[in-house]
Amino acid sequence: MHIETLVVKNFRCLNDVEIDFNRELNVIVGNNETGKTTILEAINLALTCQIHGRNIRNELHPFLFNIAATDQYLRSLFTEKPQVPPSILIELYFNDQPEIAKLKGTNNSKRKDCPGVFIDIRLNKDCSQEYREYISNPSEVKSIPVEYYEVSWSSFANEFITWRSIGLKSLYIDTVRQRSSLGTNRHVVEFMRTFLSPKDLAEISLSYRGLRDGFANAPLIQSINELLRDTKGDITEKELTVALDVLTKNGWETDVAPHVDAVPVALVGKGEQSAIKLKLAMKKASENAVFLIEEPENHLTYSNLNKLISSVRDKASGKQLIVVTHSSFVLNKLGIHNVILFDGSNVTTIQDLRQGDQDYFMKLPGYDTLRLILSKRAILVEGPSDELIVQKAFLQQYGKLPLDCGVDVITVASLAFDRFLEIAKRMKIPTVVVRDNDAKVASLDKKYEVYSSLSHINILYDRNEEYPSLEQQLLRVNGRCKLNQLLQRRFEDDLRLLNYMKDNKTECALRLFNSKEDVTIPEYIKRAVSNE
Amino acid sequence: MNDVIIAAAGSGKTSRIVKRASNSDVSSLIVTYTLNNECEIRRKLYETNGVLPEHVTVMTWFRFLLSQWIRPYGNFVYPYRVANVNFHGKPFRFARKTSSSFYIDSDHRVYRDRTAALALKCNCTSGQRVLKRLAQIFDHIYIDEVQDLRGYDLDLLEALLDSDIGVTLVGDNRQATFFTNRSMKYAKYLGYRIVDKFAEWENAGRCETEHLSHSFRCNQMICDFADLIFPDASNTEARNDSNTGHDGVFIVNPQDVTSYIQCFRPQVLRYDRSEPCQGHRALNYGDSKGLTFPRVLVFPFRKLTAALKSGNFNSLADITAAKTYVAVTRAQHSVAFVHDGACEIEGVQIWHG
């Protein structure tokens with residue numbers, strides 16, 4: 001059982017969003033503030049009716065509603081046609097399988113006949129009288145009157161549901177929010193609850209209660225109680241004794257703390273905590289669980305992250321994982337073909353990425369694929385010296401650095417160019433490759449022929465094989481005299497200058513970049529910068 | 001695959017379907033009209049299994065219609081969630097079948113008499129999706145107290161019989177004391193006559209019929225007396241042959257009621273609350289359905305008094321006959337009628353205190 005589609009309307013920053021998920025791995029990436037985390041929150045809310053571990057019915061506040069929708073509504077109150085107050089809708093569409101057919105029906109916004117659940121937060125129609133009074137003076141209405149709202153949590157069969165009736169458990173692992181020690185405890189205990197069977201839980205609860213009962217029977221406590229009994233009449237007519245409170249059924253949760261190597265989990269490092277939560281959750285055999293993992297890279301060193309992600313990937317088979325990350329490493333390790341790029345309203349995925357490309361990035365996860373995916377326009381270059389010259393060209397032409405213009409210059413070893421281009425091709429990222437011709441123009445032409453029909457991909461190299469490298473190109477357009485001056489050298493022939501430049505590539509490029517004077521830029525780099 | 005079980009009172013029909021559903025490993029649903037009987041079925045499930053088995057679901061008839069027929073595909077017919085059933089209101093007489101007000105009131109509640117019709121409409125309009133969905137969830141559906149169904153309910157049963165789901169209908173046509181609705185459609189199959197519909201279905205190859213003509217509850221004298229009420233039904237064979245020293249059917253003079261009650265502690269039964277029962281606490285005939293008592297003391301209504309005198313029950317209307325049959329068949333050992341005068345019925349003894 002897994003989530004096929006999520007539909008969200010008016011929830012926080014998500015105005016109107018529809019996302020299809022893969023059966024197993026999903027890696028959501030996107031810029032900051034686009035609402036990646038909110039996607040996880042929305043899924044968790046629809047699966048559990050809870051937000052931040054509490055029932056949504058007790059946690060309603062105006063900021064749960066989309067700001068744009070709220071503004072529109074508040075403004076409309078001053079017009080002749082006041083709008084219906086905004087409502088939140090979150091729908092989860094599951095795959096159609098007989099085990100969950102009881103959740104099946106067409107009560108969803110797509111009118112699709114499939115199993116699913118939805119949470120709907122709207123004005124309670126029984127409160128229309130109060131609501132009318134509330135909006136009678138629009139200038140006093142500053143927010144959505146959530147007090148008059150109701151929450152309904154239903155299946156697509158339009159039956160109200162409980163968390164038991166869904167059959168798909170949600171395991172939300174969020175490593176981001178800082179929690180107090182009590183909070184961490186609670187969080188881990190929540191995980192134990194999903195990890196342990198109801199029988200185990202009942203037994204913990206029973207032995208805990210037994211322990212508390214035992215407290216009252218301890219000799220010391222008994223003698224204290226004897227003493228108290230003698231006060232009968234002084235304080236109350238009834239018998240006064242002390243005992244531990246055994247009234248609440250789940251009392252153990254506040255007092256039982258998970259320990260790691262005999263250290264309370266709250267005192268263990270944050271990274272270890274995250275890893276424990278994640279592994280505990282993954283270990284559970286049930287296939288009917290969706291794992292919502294927020295930024296697993298937090299608090300972990302590179303090597304620990306490597307271990308964690310490897311174990312997540314190995315144990316995930318058969319389960320659905322939805323991961324939000326800012327890390328190329330996590331993305332590459334989990335499989336770049338599982339990426340879901342989210343820009344706040346639309347999603348882009350990679351369709352049919354070649355197996356070879358998937359494996360390449362899994363084995364070499366250090367590549368900054370995420371930078372490419374998140375860029376509005378990318379210029380791929382072969383090395384740091386090329387990067388510096390491109391930056392210089394940008395500065396000269398626009399007076400600004402590329403990043404300030406939304407252009408990301410990324411250094412990619414030349415062998416990986418086509419791997420990156422395969423991603424750019426499928427995700428429609430405008431990309432320019434700037435490279436040396438290596439005196440092999442004909443073979444390069446042939447190699448990049450496949451991209452010639454794509455308007456968003458441009459491969460640029462100079463066609464003159466007498467100038468096969470960047471250094472030769474720079475010498476060609478600037479001349480020895482000017483380069484000597486820019487590099488503060490006095491070479492008397494081109495060959496020596498060239499050899500010097502080749503032996504000190506990055507340093508030379510840095511000097512050129514830092515020079516106050518303009519450097520003449522080779523034509524193919526100019527074209528990359530101006531993107532004509 | 002489909003079967004109809006027509007069972008005499010006390011034959012253990014509910015226990016039978018509970019056992020069948022529990023012992024098979026297919027996903028089953030047991031539906032019955034009343035809340036009381038739903039509780040009884042749950043109680044028997046616990047009795048049989050210690051817990052409610054995961055593969056058995058119990059629902060009342062209206063919950064079945066609402067949650068399985070109407071709501072999942074309700075938006076093919078009506079844009080709102082159907083909140084509940086309006087049990088007491090009557091629909092506007094001239095509403096057209098095509099308009100939603102034919103089925104649903106202004107509070108989004110479906111009229112009791114139109115619930116089954118709306119359920120069928122949801123299935124039909126959605127392209128049989130209701131039945132397809134049901135077949136995904138349940139392999140077998142048992143409907144207990146089927147004699148309570150009428151009108152469009154019968155069309156719905158027919159749709160179920162024709163579906164891929166196995167169906168077992170269980171009931172006693174002699175106990176048709178109340179109905180799920182007041183529809184006058186198929187009046188000729190109402191209550192006692194529902195067996196004629198079963199016979200039609202059997203002839204069309206939709207199901208097989210089985211009669212359970214024995215009673216684990218009542219002794220033979222009580223069975224024989226109860227059989228007089230519906231003379232054309234098959235005779236009931238008692239499986240209770242215990243001897244308590246006061247067994248069978250008795251006449252008690254109104255003057256002797258108090259001492260009879262002191263002596264035997266029977267459950268007192270009355271037709272309805274217009275009968276004062278000399279101040280003794282009593283249960284209505286109809287409300288005693290499904291219950292078992294060692295002994296009952298019956299305060300007869302006017303026509304029953306006449307029937308006791310003449311030995312002829314023909315003058316009882318269908319529902320009153322059904323209620324009388326229910327009252328009599330509650331007892332394991334003895335049934336006593338409060339009656340002043342002669343009784344022509346064979347085997348009935350006069351109690352002399």
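Modeller: Start with one pair of residues. Asp3(B) stands opposite Glu208(B) in S8(B). Keep in mind that this is a predicted model.

Colleague: What makes S1(B) and S8(B) a pair of strands?

Modeller: The cut-off is at least two bridges. S1(B) and strand S8 (residues 208-212) of chain B have five, in the parallel sense. Therefore they count as paired.

Colleague: Which other strand of chain B pairs with S1(B)?

Modeller: Strand S7 (residues 166-171) of chain B, again in the parallel sense, over four bridges. In S7(B), Leu169(B) is the bridge partner of Val4(B).

Colleague: Why is S1(B) called largely enclosed?

Modeller: Because five of the five residues of strand S1 (residues 3-7) of chain B are buried.

Colleague: How do you know that both faces of S1(B) are covered?

Modeller: In a regular strand, side chains alternate between the two faces of the sheet. On one side sit Asp3(B), Ile5(B) and Ala7(B). Val4(B) and Ile6(B) are on the other. All of these are buried.

Colleague: Stay in chain B. What makes helix H11 mostly covered?

Modeller: Nine of the eleven residues of H11(B), residues 318-328, are buried. Among them are Thr320(B), Lys323(B), Tyr325(B) and Val328(B).

Colleague: What covers the buried residues of H11(B)?

Modeller: The cover includes two helices, H8 (220-229) and H10 (302-310) of chain B. It also includes strands S12 (267-270), S14 (293-299) and S15 (331-338) of chain B.

Colleague: Now chain A. Why is Ser152(A) called buried?

Modeller: The cut-off is under 20% relative accessible area. Ser152(A) has 18%, so it is classed as buried.

Colleague: Where is Ser152(A) found, and what does Ser152(A) touch?

Modeller: Ser152(A) lies in strand S9 (residues 149-155) of chain A. Leaving out residues up to four places away in sequence, Ser152(A) touches Arg57(A), Phe118(A), Ile119(A), Asp120(A) and Phe160(A).

Colleague: Why is S10(A) called largely enclosed?

Modeller: Because five of the six residues of strand S10 (residues 169-174) of chain A are buried.

Colleague: How do you know that S10(A) and S13(A) pair?

Modeller: At least two bridges are needed. S10(A) and strand S13 (residues 289-294) of chain A share six, in the parallel sense. Hence the pairing is assigned. One bridge joins Lys169(A) to Ala289(A) in S13(A).

Colleague: How much of chain A is buried?

Modeller: Buried residues make up 50% of its 532 residues. The secondary structure of chain A comes to 20 helices and 20 strands. Of the contacts in chain A with a separation of 6 or more, 73% join residues 24 or more positions apart.

Colleague: On to the interface. Why is Arg63(B) with Glu159(A) called a salt bridge?

Modeller: The limit between the nitrogen and the carboxyl oxygen is 4 Å. For Arg63(B) and Glu159(A) the closest N and O atoms are 2.8 Å apart. That is within the limit, so the label applies.

Colleague: How many salt bridges does the rule find across the interface of chain A and chain B?

Modeller: Three. The side of chain A that touches chain B has six nonpolar, six polar and seven charged residues. Across the interface there are also 15 residue pairs in polar contact.

Colleague: How many residues does the contact take from each chain, and what area is buried?

Modeller: Chain A gives 19 residues and chain B gives 14. Between them the chains bury about 1,300 Å², with 39% of it on carbon and sulfur atoms.

Terms used: Residues numbered from 1 in each chain as written. Chains lettered and ligands numbered in written order. Predicted model: local features only at pLDDT ≥ 70, side-chain atom pairs only at ≥ 80, totals over all residues. Heavy atoms only, no water. Contact = heavy atoms within 4.5 Å. Buried area = accessible area lost by both parts, 1.4 Å probe. Salt bridge = Lys/Arg side-chain N within 4 Å of Asp/Glu carboxyl O. Polar contact = N/O pair within 3.5 Å; in protein donor to acceptor, adjacent residues only side chain to side chain. Nonpolar A, V, L, I, M, F, W, Y, C, P; charged D, E, K, R; others polar. Buried < 20%, exposed > 50% of the residue type's maximum accessible area, 1.4 Å probe, protein only.
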